[in-house]
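Here is a short report on a protein model. Look at the sequence and the fold first, then read on.

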Amino acid sequence: MIGYVTVGTNDREKSAAYFDELLALIGGKQFFGNDHMTFWGVEPGKPLLGVGAPFNGEPASVGNGMMVSLSLKDKEAVDAFYQKALALGGSDEGEPGMRTDTFYGAYFRDLDGNKFCAFCMV
């Protein structure tokens with residue numbers, strides 16, 4: 001159902017380097033971009049993640065309550081992804097752990113403060 005999501009940045013070059021390395025852990029690669037946005041995906045026809053400056057020209061800011069969740073294959077992948085996100089300069093928003101009987105998730109913010117969740121169903 002979801003085609004793509006976008007998050008804002010005030011430094012697209014720095015943000016693109018962060019996501020190039022982080023998303024490579026789960027097979028993500030840049031699919032396309034322009035002077036305004038960069039998009040990553042794992043394969044054609046699957047949802048994309050876009051990062052760019054807001055279209056209205058105003059500074060990017062974090063949307064309160066907005067979060068992008070990335071589905072991973074297992075707990076080990078979630079743990080590795082979370083650790084990589086922090087090692088690349090992201091910040092902790094919730095260490096990896098079981099949140100329900102079947103949901104294992106870890107929460108972090110990227111370099112611009114956008115909130116992400118890496119999760120798997122167990």
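## Burial and the cysteines

A residue counts as buried when its relative accessible area is under 20%. The model is predicted. Cys 117 has a relative accessibility of 1%, so this residue counts as buried. Cys 120 is also at 1% relative accessibility and therefore counts as buried.

How many disulfides does the structure hold? The number is 0. A disulfide needs two cysteine sulfur atoms within 2.5 Å. For Cys 117, the nearest cysteine sulfur belongs to Cys 120 and lies 9.7 Å away, so Cys 117 is in no disulfide. Seen from Cys 120, the nearest cysteine sulfur is that of Cys 117, again at 9.7 Å. Cys 120 is in no disulfide either.

## The sheet

Strands of a sheet pair through backbone hydrogen bonds, and the pairing is either parallel or antiparallel.

## Strand 1 against strand 4

Strand 4 covers residues 48–52. In which sense do strand 1 and strand 4 pair, parallel or antiparallel? The sense is parallel, and the pairing runs over 5 bridges.

Methods. Residues numbered from 1 in each chain as written. Predicted model: local features only at pLDDT ≥ 70, side-chain atom pairs only at ≥ 80, totals over all residues. Heavy atoms only, no water. Pairing = 2+ DSSP bridges. Helix = DSSP H or I, 4+ residues; strand = E, 2+ residues; numbered from the N terminus. Buried < 20%, exposed > 50% of the residue type's maximum accessible area, 1.4 Å probe, protein only.
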